[in-house]
Amino acid sequence: MSFGREGTDEVAPGRGSFEEFIVEDDEALAALVNLIAVLADNEYFMGRRISEWADAGPLLESTAACAAITQDKLGESRILYPLLEELPWPNPPATLQDEADRARRYSVSFLDEPFESWSDVVAALALINPALNVVLEAVSNSKYENLAKRATRILDEERLTSAYAESLVRQLAYEERGRKLLQERVERLLPEMLCWFGPEGEEGLERLEREGLASMTNEQMRQRYLDRVVPLLEEVGIDVPVERNESEKRWEYGELPWSEWNQLQRRLERKKSVV
């Protein structure tokens, strides 16, 4: 994944109250700051959106699960945001306590507005959550130990959420109407999530990898992500616009909407419909 510069172009002097993590390559440092902001914001807005269903799930079990996932997601964002203050970077993105705290968001556009239906909740857990986990896996052995420790902790917490998301996909797709709703969400959300890992060979992640801050290229992460999400979706009857190239052992996914892609904020710039 390639991450652009945030804020000014100068690297700030050390802040004495923190044990600083030093990155000699300024571009790699910029990419690291952006990666943490992207992870934290997506965890935060996942928590916010799912919290809005904590008293409105279709079953008592789902209502309770939404409350638990909300707590996990907001907690995960809160252990990531402080890392931005540890790094010697001026004016890092502010920690979000409320979604209006900062104008610039580093979350996917699917999370911009409250979910209109339960199928949005299922789609977010089935498609956004696995992408976050793949990036967390890529930094779980980072030489930036504070990030690696937090990534490992979050991945441990996410095992139950991943299993629950799989059960939700099966439940929703069991009936034809639910399967149709899930198909519509996949068609909308999957292109954004495939873009989320960045164009193949993008510079930011190359630098993170060279510095030992991440262990996968953006294409390796995208392929791992597809390994995770495609088999389940196809099993429940969802048409996923990708093909498995067995000779090259990779997924082919066609052209992605890069013209709508915001590289810095890692999101598609969707046009608002005119009322």
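**Close-up views of a predicted model**

W53 and W118 are both buried, where buried means under 20% relative accessible area, exposed over 50% and partly exposed in between, with a 1.4 Å probe and protein chains only. The model is predicted, so that local features need pLDDT of at least 70 and side-chain atom pairs count only at pLDDT 80 or more, while totals for chains, interfaces and linings use all residues. Residues are numbered from 1 along each chain as its sequence is written, and side-chain values use heavy atoms, with hydrogens and water left out.

**View 1. The aromatic pair of W53 and W118.** The rings form a tilted pair, 6.0 Å from centre to centre and with 55 degrees between the planes. Rings of Phe, Tyr and Trp (its six-membered ring) pair if their centres lie within 6.5 Å, and planes under 30 degrees apart count as stacked, over 60 as edge-to-face and the rest as tilted. Because W53 lies in the loop between helix 1 (26-51) and helix 2 (60-86) and W118 in helix 3, the pair ties together parts that are 65 residues apart in sequence. Helices (H or I, at least four residues) are DSSP runs, numbered from the N terminus.

**View 2. The ring cluster of W196, F197 and Y225.** W196 and F197 form an edge-to-face pair, with 5.5 Å between the centres and 75 degrees between the planes. W196 is buried, as its relative accessible area is 1%, and F197 is buried with a value of 0%.

**View 3. The polar contact between E202 and Q263.** The side chains of these two residues are joined at 2.8 Å; a polar contact is a pair of N or O atoms within 3.5 Å, of which, within protein, one must be able to donate a hydrogen and the other to accept it, and residues adjacent in sequence count only if both atoms are side-chain atoms. E202 lies in the loop between helix 5 (176-196) and helix 6 (203-210), and it counts as buried because its relative accessibility is 9%.

**View 4. G212 in the loop between helix 6 and helix 7.** With 31% relative accessibility, G212 counts as partly exposed. Apart from its neighbours within four places in sequence, G212 is in contact (heavy atoms within 4.5 Å) with N141, S142 and K143. The C-alpha atoms of G212 and R105, which stand 107 residues apart along the chain, are separated by 27 Å.

Conventions
Helix = DSSP H or I, 4+ residues; strand = E, 2+ residues; numbered from the N terminus.
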